[in-house]
Amino acid sequence: MPKVKTNSGAKKRFRLTGSGKIKRKHAYKRHILTKKTTKQKRNLTHFGLVDNADTNNVKMLLNLK
């Protein structure tokens with residue numbers, strides 16, 4: 001049986017927390033920041049968690065399942 005490769009894009013975008021949840025960054029923080037409010041930009045800085053509906057797909061990309 002050959003080894004199963006981890007998806008290269010997914011391993012750069014997701015990290016596991018200590019409790020096994022999947023951490024992700026928020027979108028919309030790269031450019032066109034002048035029209036976004038300071039509060040919006042500040043809230044986009046923090047990490048979020050992957051939704052339960054998407055967890056299985058992300059785990060398959062990371063070969064955690």
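## Exercises on a predicted model

At 17% relative accessibility, threonine 55 counts as buried, where buried means under 20% relative accessible area, exposed over 50%, and partly exposed in between, with a 1.4 Å probe and protein chains only. The structure is a predicted model, in which local features need pLDDT of at least 70 and side-chain atom pairs count only at pLDDT 80 or more, while totals for chains, interfaces and linings use all residues. Residues are numbered from 1 along each chain as its sequence is written, and side-chain values use heavy atoms, with hydrogens and water left out.

**Exercise 1.** Find the element that holds threonine 55, and list its contacts beyond four places in sequence.

*Solution.* Begin with the element: threonine 55 lies in helix α3, residues 52-61, where helices (H or I, at least four residues) and strands (E, at least two) are DSSP runs numbered from the N terminus. Next come the contacts, meaning heavy atoms within 4.5 Å: once neighbours within four places in sequence are set aside, threonine 55 touches Ile22 and Val50.

**Exercise 2.** Which residues make up the largest nonpolar core, and what does leucine 62 contact beyond four places in sequence?

*Solution.* A nonpolar core is a set of buried Ala, Val, Leu, Ile, Met, Phe, Trp, Tyr and Cys residues joined through side-chain atoms within 4.5 Å. The largest such core has 6 residues, namely Ala10, Phe14, Ile22, Val50, Val58 and Leu62. Turning to leucine 62, and leaving aside neighbours within four places in sequence, we find contacts with Thr6, Ala10, Lys11 and Phe14. Valine 4 itself belongs to the segment before α1 and is exposed, at 66% relative accessible area.

**Exercise 3.** Work out the strand order of the open sheet, and explain why one side of β1 and of β3 is left without a neighbour.

*Solution.* Strands of a sheet pair through backbone hydrogen bonds, either parallel or antiparallel. Here the open sheet has 3 strands in the order β1-β2-β3, with antiparallel pairing. Because β1 (15-16) and β3 (48-49) stand at the edges and each has a single partner strand, one side of each has no neighbour in the sheet. Two strands count as paired if DSSP finds at least two bridges between them, and β2 and β3 are joined in the antiparallel sense over 2 bridges. In this pairing, arginine 24 stands opposite glycine 48 in β3.

**Exercise 4.** Describe the largest pocket by its volume and the residues that line it.

*Solution.* First take the volume, which is about 310 Å³. Then take the lining: of its 15 residues, those closest to the centre of the pocket are Arg13, Arg24, Lys25, His26 and Arg30. Finally, sort the lining residues, which divide into 5 nonpolar, 2 polar and 8 charged.

**Exercise 5.** Where does tyrosine 28 lie, and is tyrosine 28 buried or exposed?

*Solution.* Tyrosine 28 sits in the loop between β2 and α2, and a relative accessible area of 67% makes this residue exposed. The phi of tyrosine 28 is near 70 degrees, a positive value in a residue other than glycine.

Notes
On a 1 Å grid over the protein atoms alone, a cavity is a set of points where a 1.4 Å probe fits but cannot get out, and a pocket is an open set with protein on both sides within 12 Å along at least five of seven lines; lining residues have an atom within 4 Å of a point. Grid points are joined across faces, edges and corners, and a volume is the space filled by probe spheres set on the points. Ala, Val, Leu, Ile, Met, Phe, Trp, Tyr, Cys and Pro count as nonpolar, Asp, Glu, Lys and Arg as charged, and the others, Gly among them, as polar.
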